[in-house]
Amino acid sequence: MELPKIIFSHKSCENENGIISNIDCNEIDLYIVMTRICNVNCPFCTYHQNKEISPVDIDKVKETLDELSKICYVRTIHFTGGEPTLKLDKIVEICEYAKKIFPSVITSVNTNGSFLSSLGGLQCLDNIALSRHHYNDEINREIFKSNLPPTSEAIASFPDRAKIHLSCNLIKGYIDNEQKLEDYLEFSSHIDVNDIGIVSLMDNCKYSIDNFVDFEKFDLSKIKNLQKCRCYCNKDENNIPLCKCENYLYLSKNMHLISMYHRYAIKHNDIASYLVYENNQLTQGFK
């Protein structure tokens, strides 16, 4: 398989002393779009309206991984969609093959959790990025417009809970201020999940534009025991920022240490420091 020209970009990182450094390397992150179909109905997303176009060809994915191994190291593989766990058997096969070629690769699936129980015990899967947009079960399912997402009890009893990362979209009327963010952090601690991501909505539809929450306007000093660790951004080949990202640590009331990051995509359609495999083709950045 002939690969497209790959541009290795860099990150600009600011440490606690305000010193900015650029990091260049030939490691890449690979996103594999398993399907554009989704089985829930979130208002900020249009994937539920999609129809399957081209199923993932496992042989071509393996061939792509073989070719990538000749020029770079695949650091992470993220399975995304739509709802990728609708194709769970293929995810497992790809993960097992990838770990033979890239022994330290981190494999991750972005999911609404509708098949969470099926993800338990999969040794080839390292991380489960579980979409969870509110700490209240009923309100969370209201956002999804579905009863498929798992309850907090189901998450708390999941056997591989250490693999779970909660991903929460900031949405007006839901998680949209400092107090609700702190409540979400405490919820995460209560169900024994110590890694969460707070994500700002992209301008992909009217709902997202109308319900955008500006994280930069949060007064985080109101949240006791929340400490910023660093801020950074991914840049394209012209040194133009593609996202704003920040990492934090939070010490909960029951003395659990929670890792939190915030991400805001500035230019999500431009060339970025990751590759995307979709429709049995490899491209740089989401188009």
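Reader: Which residues do ring pairs link into a cluster with F215 and F218?

Author: In this predicted model, a search of the whole structure finds six aromatic pairs, and F215 and F218 form one of them. Ring pairs link these two phenylalanines into a cluster with one further residue, Y248.

Reader: Is the aromatic pair of F215 and F218 stacked, edge-to-face or tilted?

Author: The ring centres of F215 and F218 lie 5.3 Å apart, with 45 degrees between the planes. Stacked rings would need planes under 30 degrees apart and edge-to-face rings over 60, so the pair formed by F215 and F218 counts as tilted.

Reader: Are F215 and F218 buried or exposed?

Author: The relative accessible area is 3% for F215 and 11% for F218. Because buried means under 20% relative accessible area, F215 is buried, and F218 is likewise buried.

Reader: How are helix α1 and helix α2 oriented to each other, roughly parallel or roughly antiparallel?

Author: Helix α1, residues 58-68, packs with helix α2, residues 88-101, at an angle of about 20 degrees, and their axes are 10 Å apart. The crossing of the two helices is right-handed. Since angles under 35 degrees count as roughly parallel, α1 and α2 are therefore roughly parallel.

Reader: How many nonpolar, polar and charged residues does the contact of α1 with α2 have?

Author: On the α1 side, the contact is made by I58, V61, K62, L65 and D66, which meet K90, E93, I94, Y97, A98 and I101 in α2. By class, this contact has no polar residues, four charged residues and seven nonpolar residues.

Terms used
Residues are numbered from 1 along each chain as its sequence is written. This is a predicted model: local features need pLDDT of at least 70, side-chain atom pairs count only at pLDDT 80 or more; totals for chains, interfaces and linings use all residues. Side-chain values use heavy atoms; hydrogens and water are left out. Rings of Phe, Tyr and Trp (its six-membered ring) pair if their centres lie within 6.5 Å; planes under 30 degrees apart count as stacked, over 60 as edge-to-face and the rest as tilted. Buried means under 20% relative accessible area, exposed over 50%, partly exposed in between (1.4 Å probe, protein chains only). Axes are lines fitted to C-alpha atoms, for helices over the stretch in contact, and angles run from 0 to 180 degrees between N-to-C directions. Helices (H or I, at least four residues) and strands (E, at least two) are DSSP runs, numbered from the N terminus. Angles under 35 degrees count as roughly parallel, over 145 as roughly antiparallel, 65 to 115 as roughly perpendicular and the rest as oblique. A crossing is left-handed if the near helix is turned anticlockwise from the far one by less than a right angle, and right-handed if clockwise. Contact means heavy atoms within 4.5 Å. Ala, Val, Leu, Ile, Met, Phe, Trp, Tyr, Cys and Pro count as nonpolar, Asp, Glu, Lys and Arg as charged, and the others, Gly among them, as polar.
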